[in-house]
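Here is a short report for a first look at one protein chain. Start with the view below, then read on.

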Amino acid sequence: MNISKEEVLKALSTVEDPDLKKDLVTLGMIQDLEIATDQTIRFKVVLTTPACPLKELIRMNCLEALKKAFGDQVVSDIVMSSNVTTIRDNAPLLPKVKNIIAVASGKGGVGKSTCASNLAVSLARSGAKVGLIDADIFGPSVPTMFNVEGEQPAVKQENGKNVIIPIEQYGVKLMSIGFLTPAESAVVWRGPMASSALKQFIGDVEWGELDYLLIDLPPGTSDIHLTMVQTVPVTGAVIVTTPQKVALSDATKALTMFRQAQINVPVLGVVENMAYFTPAELPDNKYYIFGEGGGKKLAEKYDTPFLGEIPLVQGIRESGDSGYPAVMKEGLIAEAFGLFAENVARQIAIRNAEMSKTEVVQVKE
């Protein structure tokens with residue numbers, strides 16, 4: 001039986017991307033198709049992110065479609081690849097960065113930096129190129145969480161301008177005020193100075209090519225948040241909360257800030273940190289210390305995706321203190337953060353496919 005490329009594409013056009021709700025051929029995901037002399041069908045499926053949780057499902061659906069069209073004896077050689085999508089074409093600032101993601105909470109102490117750090121490392125471990133800006137000028141956590149306290153970034157001259165080379169750790173490029181000031185010293189600045197520092201972290205750092213640049217925001221909805229949305233068009237925002245009412249109240253403010261008409265940044269979803277406590281000696285037990293399901297209810301109320309639950313376990317605290325992110329260890333914690341990262345990557349791909357590009361915000365101050 002001679003098989004043509006047209007027949008293969010027709011068969012594969014019955015396979016749908018579950019998230020984007022279109023077939024792989026229409027989406028341009030089938031590439032480098034060739035039929036070998038022995039009638040082996042070879043092609044590449046180019047997914048929207050290396051962190052795609054549906055990779056194996058899509059591969060199996062392709063095999064089933066080919067078997068249905070050409071019989072059980074058909075031989076297929078499928079390579080699963082990825083190319084992270086973007087809508088940031090011809091961006092004047094950070095032109096090589098595909099997606100800029102804000103991580104916000106509205107409230108301090110909910111583990112936002114822990115979630116941002118583990119999200120960054122998890123995406124990097126999946127094969128993505130990732131950067132992380134620690135935008136909490138007054139309480140930087142990233143140097144500690146990545147075990148790079150005391151490190152100082154190099155500076156080089158480029159076109160008569162000083163350009164900062166970010167610190168790299170665990171496959172993630174990092175920038176924090178903690179690299180530029182003594183660890184024990186408080187940063188006592190007015191708002192404009194803090195905003196100026198964030199602008200430098202965005203515009204004066206050699207980020208290079210990135211699939212995702214995460215911005216770990218400080219608590220509240222203040223100068224730093226406005227500076228961010230006025231400086232770069234943000235692809236989307238991730239909201240971090242814990243289950244109890246006081247945290248949900250502030251997370252709601254952060255969520256609704258991004259949805260204000262003049263800001264209009266898509267909310268990618270809500271992640272619930274410290275969702276339940278599980279002691280190491282009783283891994284099957286869950287104790288809902290801060291209440292149950294608050295993050296999921298917040299997501300449902302504002303019709304936004306729920307990105308996952310992160311348990312409250314001793315290992316996460318230990319990992320933050322030692323500077324070795326929890327997602328790099330085996331077990332429950334790594335699985336929870338891994339699922340969170342997959343869901344974020346998935347929502348970014350859906351957002352890029354379905355929504356128009358975000359504009360830089362013009363806010364009257």
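## Surface and charge

The accessible surface of the chain is about 17200 Å², and carbon and sulfur atoms hold 49% of that. Such areas come from the Shrake-Rupley method with a 1.4 Å probe; for residues, only the protein chains shown count as cover.

Charged side chains number 35 positive and 43 negative. The centres of the two sets are 5 Å apart. Lys and Arg count as positive, Asp and Glu as negative, while His and the chain ends are not counted. Each charge is placed at NZ of Lys, CZ of Arg, CG of Asp or CD of Glu.

## About the model

This is a predicted model, where local features need pLDDT of at least 70, side-chain atom pairs count only at pLDDT 80 or more, and totals for chains, interfaces and linings use all residues. Residues are numbered from 1 along each chain as its sequence is written, and side-chain values use heavy atoms, with hydrogens and water left out.

## Overall build

The chain has 10 helices and 15 strands. These are DSSP runs numbered from the N terminus: helices (H or I) have at least four residues, strands (E) at least two. The C-alpha trace spans about 75 × 60 × 40 Å along its principal axes.

Of the 365 residues, 51% are buried. Buried means under 20% relative accessible area, exposed over 50%, and partly exposed in between (1.4 Å probe, protein chains only). Take the contacts (heavy atoms within 4.5 Å) between residues at least 6 apart in sequence: 73% join residues at least 24 apart.

## The annotated binding site

An unreviewed UniProt entry places a "binding site" at Gly106, Lys107, Gly108, Gly109, Val110, Gly111, Lys112 and Ser113. UniProt positions follow the numbering used here, feature names are shortened, and annotations may be inferred rather than shown by experiment.

Lys107 lies in the loop between strand E6 (100–104) and helix H3 (112–125). Lys107 is partly exposed, at 24% relative accessibility. Beyond four places in sequence, Lys107 touches Pro219, Gly220, Val246, Ala247 and Asp250.

Ser113 sits in helix H3. Ser113 is buried, because its relative accessible area is 10%. Beyond four places in sequence, Ser113 touches Ser141, Met145 and Asp216.

## A look at Val155

Val155 belongs to strand E8 (residues 155–158). At 54% relative accessibility, Val155 is exposed. Beyond four places in sequence, Val155 contacts Asn162, Val163 and Ile164. Gln73 is 82 residues from Val155 in sequence and 60 Å away in space, C-alpha to C-alpha.
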